[in-house]
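Have the viewer open and follow along.

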Amino acid sequence: MIQITEKQNCCGCGACRNVCPRDCITMAEDGEGFLYPQVDVSRCVECGLCSRVCVYQREEAPPQEEPACYAAMAKDDSLRAVSSSGGVFSLLAGRVLARGGLVYGVAMGENMRSCAFLRVSEADELPKLRGSKYLQADVGESYRAVKRDLEAGKQVLFSGVPCQIDALKLFLNRDYEKLLCVEVICHGVPSPLLWRSYVDEIERKHQDKIQAVRFRSKKSGWRKFGLAIDGTRLHQDQSLSDDPFLRMFLRNYCLRPSCYHCRSKKLPSGADLTLGDFWGIWNSDPEMDDDRGTSLILVRTRRGAELLREIEDSIVSRRMPFALALASNSAYDKSAPRPKERDRFFTDLDTIPFGEMIKKYGALSPKERLKRTGLYKVIKKILP
Ligand SMILES: Cc1cc2nc3c(=O)[nH]c(=O)nc-3n(C[C@H](O)[C@H](O)[C@H](O)COP(=O)(O)OP(=O)(O)OC[C@H]3O[C@@H](n4cnc5c(N)ncnc54)[C@H](O)[C@@H]3O)c2cc1C
């Protein structure tokens, strides 16, 4: 039976809940807002399936052979504008839907306070899955649903962060020719509780209900992260230097404990394709950068290569050295460092007003403030 004694050894993928034949595992939120399995021991028959599918109980393994690596941009600029990187995910998903397949990905909930996996069968639902949601998504019973669809002979594209792809593969426990797995490179997943607190604070301050969120607004360009929030009257679109949630995320205060020791970064990928941002492309191939979003694509399997070929007329792409792509994207194979203030951060989230949290953990440092005004460059020139 699955027993989480150390939180850093559970990524909340929900494979154990999905595989349990007695339905005696539920996922319950802890004080930081992350989901962990809870077993109803009175109903458990000790079948051991939950431990078999646990990502954290797999042995570490050497990396796979080098995948083919591409920089790519969707030709449709309006698609790139609403995607996080180069808009490749929507093109891949669109192909699968066009031939009657199904796409599983992550959508925001109605009240914009959480996100969860959603099964999409029609192209007009695809925008719900588009764009990164920077909080941990609830998998629910999606792995069971994927299996039902595959057994019914449907084609399925499943997309998520690497531990969710690993979990699906462990849950299925066999290969299906009609399954395509697309993983996104993952920096780590922020706390849903922090996000809810942020949304509450904005709604309180503006006396408005939030109706839409874009975690990767490109108003100030792709390279400057931006978070756009829309209500009935409120329209806020802030870049990293103005948005405290983005800063708390990228300063790593609010990540799931397991993300600081990501198991999936030490296992061979279970995906057919890996997508990410092609950071550093402006140095390595400036023609492939217009600051509106360039995707990194890693092709891992025959099925991945075939699907990518199907969208080649809709993208501008260039083969790139794998090592060069990795050099500017440490999240591919390195876990984010755990800040020493992390535990204090969550104690404070529970005890001090959110405005104080912003001042303490989300404010610009004096150096960042100087950089914004341009004074930093001047001072650097004057001082040795
Ligand atoms: C939490 C998180 C951290 C990331 N960190 C990095 C990073 O450090 N470096 C990097 O290069 N890329 C990172 N990415 C990936 C990047 O932001 C883009 O998602 C990816 O490049 C695909 O972009 P796109 O333009 O092709 O499509 P988009 O339409 O922007 O991508 C949407 C895809 O992301 C999936 N998705 C969205 N939110 C979640 C979520 N919360 N959990 C699981 N899947 C989700 C959707 O299901 C869909 O497949 C991260 C993504 C997420 C969700």
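Strand E3 (residues 68–74) runs antiparallel to E13, and five bridges hold the pair together; strands here are DSSP runs of at least two residues, numbered from the N terminus, and two of them count as paired if DSSP finds at least two bridges between them. Across this pairing, Ala 71 sits opposite Arg 318 in E13. Keep in mind that this is a predicted model, where local features need pLDDT of at least 70, side-chain atom pairs count only at pLDDT 80 or more, and totals for chains, interfaces and linings use all residues. Residues are numbered from 1 along each chain as its sequence is written, and side-chain values use heavy atoms, with hydrogens and water left out.

Now zoom out to the whole sheet. It is open, with eight strands in the order E5-E4-E6-E7-E11-E12-E3-E13 and mixed pairing. Its edges are E5 (115–120) and E13 (315–319), each pairing on one side only.

Over at the E5 end, E4 and E5 pair antiparallel through six bridges, with Tyr 104 opposite Arg 119 in E5. Six residues lie between the strands of this hairpin, and Met 112 takes a positive phi near 65° there.

And the ligand? A ligand nitrogen is 2.9 Å from a polar backbone atom of Leu 135, while a ligand oxygen lies 3.1 Å from one of Val 88.

Note on methods. Helix = DSSP H or I, 4+ residues; strand = E, 2+ residues; numbered from the N terminus. Polar contact = N/O pair within 3.5 Å; in protein donor to acceptor, adjacent residues only side chain to side chain.
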